[in-house]
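Here's a quick tour of a protein model, starting with some aromatic side chains and ending with the sheet. Have the 3D view open as you read.

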Amino acid sequence: MGGGEEEAALISDSAANASGRVRFFRIAFGQSSASNSVPKQEVKDALQAIASDRLLFDWQIDGDVSRKETQAVFLAVLCLERAMPRGGAVIIKKIDDKWSLSAESSNLLITEALWTPLSQSRSPDEIIPATVSFALLPEALGHLSRHISINMTETRILMQF
């Protein structure tokens, strides 16, 4: 690399992507307060940072969202991401006061030891770093006084809370 404009642009894009991923994980795993909100563009930027050629996110919410709700949604996104190792698309909506995350993939990987407890609003029996979102999501939903419902088909997972 000669240090030209292309290299500088690549470095700049990499830094922006890393910053977006850090923002996503800070919201998903950080402290949250009921009085704080997350601007719509920050949410979209954070989702874009964890998206890829194979994994797409469609945030269909207008306006800012409370940090506690955003945290629960991001934890749910991480659960869905785990079920889509070959990619897919996730549509995120909020109708009235109910969140809906619809994930579509031609090849879902459903681990019963993770999804069964989650559908019962409890943590899995065994937790490893890669599956911590399955343990934290029921807790986050409890703070919001919400219960989760999960419907699955061979190619789709619908999470609502």
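This is a predicted model: local features need pLDDT of at least 70, side-chain atom pairs count only at pLDDT 80 or more; totals for chains, interfaces and linings use all residues.

Phe-25 comes out at 31%, so it counts as partly exposed.

## A pair between two helices

Trp-115 and Phe-134 make another edge-to-face pair, at 5.2 Å centre to centre with 85° between the planes. Trp-115 sits in helix H4 (residues 112–119) and Phe-134 in helix H5 (residues 132–143), so this pair ties together parts 19 residues apart in sequence. Both Trp-115 and Phe-134 are buried.

## The sheet and what packs on it

Now for the strands. There's an open sheet of 5 strands, ordered S2-S4-S5-S7-S6, and the pairing is mixed. Strand S2 (55–59) and strand S6 (149–152) are the edges, each pairing on one side only. From one strand to the next, the twist averages 15°.

S6 runs antiparallel to strand S7 (residues 156–160), and 4 bridges join them. Across from Ile-150 you'll find Met-159 in S7.

Two helices are worth a look here. Helix H2 (residues 40–50) packs on the sheet and touches S2 and strand S4 (88–95), with its direction at about 170° to that of S2. H4 packs on the sheet too, touching S6 and S7, and its direction makes about 135° with that of S6.

Technical notes:
Residues are numbered from 1 along each chain as its sequence is written. Side-chain values use heavy atoms; hydrogens and water are left out. Buried means under 20% relative accessible area, exposed over 50%, partly exposed in between (1.4 Å probe, protein chains only). Rings of Phe, Tyr and Trp (its six-membered ring) pair if their centres lie within 6.5 Å; planes under 30 degrees apart count as stacked, over 60 as edge-to-face and the rest as tilted. Two strands pair if DSSP finds at least two bridges between them. Axes are lines fitted to C-alpha atoms, for helices over the stretch in contact, and angles run from 0 to 180 degrees between N-to-C directions. Contact means heavy atoms within 4.5 Å.
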